[in-house]
Amino acid sequence: MADPVIYAALDPPAGNRSGFMGFDIPEVWLRFLLALLGLILAFAAALFSTVTRESGSLWGTVILASIALALAVVVGLTTVPYLARRVAGGRVRDAFNYDVTGVGIIYVLTVLLIGVAALNTGNNLLYVIVAAMLAAILVSGVASAVVLRQLELDIRLPEHVFAGAATLGKIVVRNRRKWLPSFSISVVPLKQKASAQWQWVATTFGFPPGQPATKQWVRLPDRQVRRITASPAAANEIFNESAYFPYIPAANELSVELELCFSRRGRYQQNSFGLATRFPFAFLTKTRRVPLGREIIVYPPVDTTDEFFEILPLIAGEFESFARGRGDDLYLIREYMPEDSARHVDWKATAKSGSLKVREFSRDDERKLRLVFDNPAPGTVSEQNYENAVTAAASLGWHFAESNADLSFVAQGCRAEADIHDFLGYLATVSPQVSVSALNDLENSGGYNVVLTSRQHSEIPAHLWSCSYFIFIGAV
């Protein structure tokens, strides 16, 4: 087995730094110097293109003008947004995010082309056009910031949600300004971006390079600097779609309902949302981060599957038979029916009449049903069988809760008593774990038990067989 790779950060996490010519330079200053150098070269190329144009060299003018344009575009798209975010205060930097749109890129390229033409020709009209186009960019930034100010966001989620069932969530946007409306507002889910850092990585220097390790003459321990990208932790998000509000009047609020449908049970949460706009010219998509935490528990599905239809009549028959014969006082003797248990057959009456007779006893109290989910240890059953068992437990609990049975629930770490939603909440996030079986300390409550377990028949306590129906998880 290969030795584990050990990573060591180049610097403490206080700030990003890069090594250049043996000097430890902060990354922001390095980018600033590179941007300044690029702009100087672009300006020099633009000046020399003017000289070549006056000397009559067409190709020299085209090449130098193209170089100046390319350098300006690279600096504008890669370095300027980064420096702007760094220069802005931490609160503003965390609150707003800027993304250049396709329209914005085309617009900037057009401005640069007209600017180069203005430098080469000295035409005052072209200078006026460039100034007006640059002013439009400034106006766009100010207008988009204004329409996002004093907007409040509220997310309203349903209380009970089942996996696979569509439900509705509401997004409410409130404009607190008294006079100014907002235009073209979108509520978007924010994605966590992957972070990248330069780190030392342990490697091996081999010669000749490109050969297998067994054919290399020299192999020495070495270290290299590599850019390591750390992916953000995966999380179940509530909203994956955006909601659009074309117009929000002043001192008013608007709402929209979005359909939510979760494919799996579990806990879904979202810690922040974004208010985005492209108003007025769609050069930039400006997004304001709204720290608004929301969490929702998605219950297992309670759909009536084929497996559910197979086991439900058996459980219902056993339960009814148990409930009828729980008392001590004889109620009546009647003909035997297929759903009756053999332990209630009255053999003396059967011998006298020549046909099977059963005894019914008076019922002492209401029907009590206890649903037991004996959570297995990891690796005991397959993932699909485990999910089927969780779905079966949820479906049975929901069915008997709707039939007004006196329900209680038992599982490791869960005593839900008669609240079906507490039990469904437990099943929503349950996973296999190593723990003591719920059957070991299961007392006789005087009611009937429906037990979902992965234990072997020989491991089940003997006193449970007479008052329980067992569903073995591996067979669900």
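**View 1. Helix H4 (residues 102-121) packs against helix H5 (residues 124-148) at an angle of about 155 degrees, their axes 9 Å apart.** With that angle, H4 is roughly antiparallel to H5. (Axes are lines fitted to C-alpha atoms, for helices over the stretch in contact, and angles run from 0 to 180 degrees between N-to-C directions; under 35 degrees counts as roughly parallel, over 145 as roughly antiparallel, 65 to 115 as roughly perpendicular, and the rest as oblique.) This is a predicted model, with local features needing pLDDT of at least 70 and side-chain atom pairs counting only at pLDDT 80 or more, while totals for chains, interfaces and linings use all residues. Residues are numbered from 1 along each chain as its sequence is written, and side-chain values use heavy atoms, with hydrogens and water left out. Helices (H or I, at least four residues) and strands (E, at least two) are DSSP runs, numbered from the N terminus.

**View 2. Here are the residues where H4 meets H5.** H4 brings Tyr107, Thr110, Val111, Ile114, Gly115, Ala117, Ala118, Leu119 and Thr121 to the contact (heavy atoms within 4.5 Å), and H5 answers with Leu126, Tyr127, Ile129, Val130, Met133, Leu134, Ala136 and Ile137. Sorted by class, that makes 14 nonpolar, 3 polar and no charged residues. (Ala, Val, Leu, Ile, Met, Phe, Trp, Tyr, Cys and Pro count as nonpolar, Asp, Glu, Lys and Arg as charged, and the others, Gly among them, as polar.) The crossing of H4 past H5 is left-handed, meaning the near helix is turned anticlockwise from the far one by less than a right angle; clockwise would be right-handed. Zoom in on Ile114 of H4: leaving aside residues up to four places away in sequence, Ile114 touches Leu126, Ile129, Val130 and Met133. Ile114 and Val130 sit 16 residues apart along the chain, yet their C-alpha atoms are separated by 6.6 Å.

**View 3. Helix H8 (residues 383-402) and H9 pack at about 170 degrees, with 10 Å between their axes.** H8 and H9 are therefore roughly antiparallel to each other. On the H8 side, look for Val390, Ala393, Ala394, Gly397, Trp398 and Ala401; on the H9 side, for Ile420, His421, Phe423, Leu424 and Leu427. The tally by class is 9 nonpolar, 2 polar and no charged residues.

**View 4. Three strands make an open sheet of mixed pairing, in the order S6-S16-S13.** Strand S6 (161-162) and strand S13 (266-270) each have a single partner strand and stand at the edges, so one side of each is left without a neighbour in the sheet. (Two strands pair if DSSP finds at least two bridges between them.) S13 runs antiparallel to strand S16 (residues 294-299), joined by 5 bridges; among the partners in S16 are Ile296 for Tyr268 and Arg294 for Gln270. S6 and S16, by contrast, pair in the parallel sense over 2 bridges, with Val161 partnered by Val298. Helix H9 (residues 420-429) lies across S6, S13 and S16, running at about 95 degrees to S16.

**View 5. A second open sheet has 3 strands in the order S5-S7-S12, with antiparallel pairing.** S5 and strand S12 (252-260) take the edges with a single partner strand each, so one side of each is left without a neighbour. From one strand to the next, the twist averages 20 degrees. S7 and S12 run antiparallel, joined by 9 bridges; Val172 stands opposite Ser255 in S12.

**View 6. Glu152 and Arg176 form a salt bridge, with their closest N and O atoms 3.3 Å apart.** The partners are 24 residues apart and link distant parts of the chain: Glu152 belongs to strand S5 (residues 151-156), and Arg176 to the loop between strand S7 (167-175) and strand S8 (182-189). A salt bridge here is a side-chain nitrogen of Lys or Arg within 4 Å of a carboxyl oxygen of Asp or Glu, and by this rule the count comes to 11.

View 7. You'll find Ala251 in the loop between strand S11 (243-248) and S12. Most residues other than glycine have a negative phi, and most peptide bonds are trans.
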